[in-house]
Amino acid sequence: MRKIALFIGAMSVATAGFCGVGQFSGDTTCYVYKQDKLQKKLTCQYDGAEGAAMSYAFRQVDYNLPGFGKMATSNSADYDDNGNHTGWTTTVNDEPAIIRYRAPSSKKVVSQTYAESGKEVLECYLSTTSQWEICAE
């Protein structure tokens, strides 16, 4: 029993050296869309966490939307032993989703290339099942 306890303790220390998690929360402006039509612009609260280990990275944010309830977003990426990206999973309220971007002034959907150019964008999570979309400033 003592050997098992020492092994588990050693593994815990080794694993802790390769991962990190941070939590965050606050208030922001949220935009809720349904089938690409703005349903509501509102002040919302969010709580989230993000972190990474040697073969995994994630970001999860829960938005509390007055009049709509809660929308939970999640994005995770997997990596192989060489650090190569091997896959990802994105969800909104546990439904499959995609991440897309909108211009802050017009709220029109813009390309990922536009978003990566350094221009300001809203990051949005769109459920591919229900077509609900959450964007936050």
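The model is a predicted one, in which local features need pLDDT of at least 70 and side-chain atom pairs count only at pLDDT 80 or more, while totals for chains, interfaces and linings use all residues. Residues are numbered from 1 along each chain as its sequence is written, and side-chain values use heavy atoms, with hydrogens and water left out.

C124 and C135 form a disulfide with their sulfur atoms 2.0 Å apart; a disulfide is a pair of cysteine sulfur atoms within 2.5 Å. Their link is right-handed, with 115 degrees about the S-S bond. C124 belongs to strand β8 and C135 to strand β9, so this pair ties together parts that are eleven residues apart in sequence. Strands (E, at least two residues) and helices (H or I, at least four residues) are DSSP runs, numbered from the N terminus.

By this rule the count comes to two disulfides. Another pair is C30 and C44, whose sulfur atoms lie 1.9 Å apart. The link of C30 and C44 is also right-handed, with 50 degrees about the S-S bond. C30 sits in strand β1 and C44 in strand β2, so the pair ties together parts that are 14 residues apart in sequence. C30 is buried, with a relative accessible area of 0%, and C44 counts as buried at 1% relative accessibility. When the bonded cysteines of the protein are numbered in sequence order, the pairing is 1-2, 3-4.

## Strand pairing around β6

Strand β6 covers residues 95-102. Two strands pair if DSSP finds at least two bridges between them. With strand β5 (residues 85-92), β6 pairs in the antiparallel sense over two bridges. V92 has E95 in β6 as its bridge partner. β5 and β6 form a hairpin with two residues between them, and N93 in that turn has a positive phi of about 50 degrees.

β6 is also joined to strand β7 (residues 109-110) by two bridges, and β6 and β7 run antiparallel. Y101 stands opposite V110 in β7. The hairpin of β6 and β7 has six residues between the strands, and K107 in its turn has a positive phi of about 65 degrees. A further antiparallel pairing, over six bridges, links β6 and β8. Here R100 stands opposite C124 in β8, and C124 is the cysteine that forms a disulfide with C135.

T91 lies in strand β5. T91 counts as buried because its relative accessibility is 16%. Leaving aside neighbours within four places in sequence, T91 is in contact with A72, T73, S74, A97 and Y125, contact meaning heavy atoms within 4.5 Å.

## Positive phi in two loops

D36 is found in the loop between β1 and β2 (37-53). D36 is not a glycine, yet its phi is positive, at about 70 degrees. At 45% relative accessibility, D36 counts as partly exposed.

Q131 is found in the loop between β8 and β9. The phi of Q131 is near 70 degrees, a positive value in a residue other than glycine. Q131 counts as partly exposed, with 28% relative accessibility.

## The largest pocket

About 240 Å³ of space lies in the largest pocket. On a 1 Å grid over the protein atoms alone, a pocket is an open set of points where a 1.4 Å probe fits, with protein on both sides within 12 Å along at least five of seven lines; lining residues have an atom within 4 Å of a point. Grid points are joined across faces, edges and corners, and the volume is the space filled by probe spheres set on the points.

The lining consists of 14 residues, of which R59, Y63, E123, A136 and E137 lie nearest the centre of the pocket. The elements that give two or more residues to this lining are β1 (20-34), β3 (56-65), β8 (122-127) and β9 (132-136). By class, the lining has nine nonpolar, two polar and three charged residues. Here Ala, Val, Leu, Ile, Met, Phe, Trp, Tyr, Cys and Pro count as nonpolar, Asp, Glu, Lys and Arg as charged, and the others, Gly among them, as polar.

Definitions and conventions. Buried < 20%, exposed > 50% of the residue type's maximum accessible area, 1.4 Å probe, protein only.
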